[in-house]
Amino acid sequence: TTSKIKVDLDSSTGVAVMTFQGPPVNSMSLDFLTEFAISMEKLELDKSCRGVILTSGLPKIFSAGLDITEMYGKGPEHAAVFWRAVQEMWLKLYGSNMVTIAAINGSSPAGGCLMALSCDYRIMADNPRYSIGLNETLLGIVAPFWFMDTMNNTIGNRETEKALQLGLLYSTSDALKAGLVDELVPEEKVLTTATEAMAKWLSIPDHSRQITKSMMRKQTIDKLSSNRETDVNYFVKFITKDSIQKSLGMYLAMLKKRKA
Ligand code: CO8
């Protein structure tokens, strides 16, 4: 299989750029998630790497979130394997010692939003066609508690309650207002702005920044890492329900029809 993620590490700056290149929409398939976890682990262990910028190599889309076809019409064994990979992606990213910056150069629904939220800083292209948010309820599914926690830690409880129940996909300006993203810049400046922000974050001594980050995030991470199998079992039971499969099927059909 061809690589869905390109990693370029500049060892003079200590900054790696991870470019998602899984057409058509960088959806997080099992392959994508596995490659992501391996790439993160390699960078984490590489002493010369101190920061990672996540971005998309595809036009208009950062990531369409979890690959719905991995959750539709598949058996419980597959669901369990897939869900462990989703957990791993989040644990590696949210728990990273490196500085992580999302250069969001396109739409970023659901799992794509989670990925951006799990970084330390978010810069989004100021394009009225792009949106970002945890829209799970629109698919008839429910964002897991650790998706909710990550959102809550970023934009607060009240905004998260609204956002999650309504499945809000924020416009870029609303996302900025809510604090869901930190900066909006013209599309062609997203990567250079991310590089500048990275330099600022890297000017802080690693050890003090890392301990601070880990103190801020530890409780949220422990909640999942000490309950991973319970969370897998819950997901498998939920996603294999007839009613949930029906909702996902209808949503997939809507995606296809919208296109035609
Ligand atoms: N998974 C699988 N296939 C997808 C996905 C996806 N997430 N998103 C799009 N596709 C497919 C489309 O069906 C289409 O396929 P085809 O070419 O065969 O018709 C192809 O990708 C291209 O899509 P579009 O034509 O729609 O491309 P656009 O550029 O017009 O739009 C968007 C791009 C905005 C990304 C749009 O495709 C979209 O809105 N996609 C759906 C995004 C979404 O809702 N994702 C939610 C995924 S669920 C999730 O991430 C968290 C789940 C947590 C689980 C909780 C359970 C307990």
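Buried here means under 20% relative accessible area and exposed over 50%, with partly exposed in between (1.4 Å probe, protein chains only). Helices are DSSP runs of H or I with at least four residues, strands are E runs of at least two, and both are numbered from the N terminus. This is a predicted model, in which local features need pLDDT of at least 70, side-chain atom pairs count only at pLDDT 80 or more, and totals for chains, interfaces and linings use all residues. Residues are numbered from 1 along each chain as its sequence is written, and side-chain values use heavy atoms, leaving out hydrogens and water.

Start with helix 9, where Asp 231, Val 232, Phe 235, Val 236, Phe 238 and Ile 239 are buried. Viewed down the helix axis, these buried residues fall within an arc of 165 degrees (taken from the directions from the axis to the C-beta atoms), so they line one face of helix 9. Turned away from that buried side are the exposed Thr 230, Tyr 234 and Lys 237. The buried residues pack against helix 2, helix 4, helix 8 and helix 10, contact meaning heavy atoms within 4.5 Å.

Next, find Ser 108 in strand 5. Ser 108 is buried, with a relative accessible area of 0%. Beyond neighbours within four places in sequence, Ser 108 is in contact with Phe 62, Ser 63, Cys 113, Ser 131, Ile 132 and Gly 133.
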